[in-house]
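Hi everyone, thanks for coming.

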Amino acid sequence: MVMADRGFTVSESVGLKEAKLIIPAFTKGKSQLDPVDVEKTRGIASVRIHVERVIGLLRRKYTILEGTLPTDFLRGSAKEAPDSQVPIIDRIVRVCSALVNLCPGIVPLD
């Protein structure tokens with residue numbers, strides 16, 4: 001599942017990866033949302049708050065992710081075959097995310 005804001009036109013890209021796009025409902029010219037859409041949007045918003053909190057924790061804990069990064073981080077390692085290169089920034093984010101996942105959760109388990 002991929003969570004996005006209203007107006008993002010990524011549905012085709014998400015579909016190519018066989019994922020589901022989750023976006024909040026919008027009025028489309030109506031004055032109000034239907035009650036079902038209101039509840040769906042509230043559910044998305046509650047999950048989104050937790051996602052944003054975890055992203056904030058990730059950026060605060062690993063300061064390399066806070067500021068502007070060098071463009072060299074967009075390239076893979078020169079030691080690898082050109083077709084299998086993974087950009088350095090992808091590796092950094094993957095390791096930092098894995099380490100945050102090992103920390104105690106910030107979402108209360110009720």
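Let's start with a quick one: does Glu-18 count as buried or exposed? At 75% relative accessibility, Glu-18 counts as exposed; buried means under 20% relative accessible area, exposed over 50%, and partly exposed in between, with a 1.4 Å probe and protein chains only. Glu-18 sits in the loop between H1 and E2. Helices here are DSSP runs of H or I with at least four residues, strands are runs of E with at least two, and both are numbered from the N terminus. Now, most residues other than glycine have a negative phi. Glu-18, though, has a positive phi, near 55 degrees.

A word on the ground rules. This is a predicted model, where local features need pLDDT of at least 70 and side-chain atom pairs count only at pLDDT 80 or more, while totals for chains, interfaces and linings use all residues. Residues are numbered from 1 along each chain as its sequence is written, and side-chain values use heavy atoms, with hydrogens and water left out.

On to helix H2, residues 35-61. Its 27 residues reach 39 Å from first C-alpha to last, close to the 39 Å expected at 1.5 Å a residue (that's 1.5 Å times one less than the number of residues). Its buried residues are Thr-41, Ile-44, Gly-56, Leu-57 and Leu-58, and they pack against strand E1, strand E2 and helix H3.

How do H2 and H3 pack? Their angle is about 110 degrees and their axes are 10 Å apart. The axes are lines fitted to C-alpha atoms over the stretch in contact, and angles run from 0 to 180 degrees between N-to-C directions. H2 and H3 are therefore roughly perpendicular, a label that covers 65 to 115 degrees; under 35 is roughly parallel, over 145 roughly antiparallel, and the rest oblique. Val-54, Leu-57, Leu-58 and Lys-61 of H2 make the contact with Cys-96, Ser-97 and Val-100 of H3, where contact means heavy atoms within 4.5 Å.

Last stop, Thr-41, also in H2. Thr-41 counts as buried because its relative accessibility is 15%. Not counting residues up to four places away in sequence, Thr-41 touches Arg-6, Pro-24, Ala-25 and Leu-33. Arg-6 lies in the loop between E1 and helix H1 and is partly exposed, at 45%. Beyond its neighbours within four places, Arg-6 is in contact with Pro-24, Ala-25, Phe-26 and Thr-41.

That's my tour, thanks!
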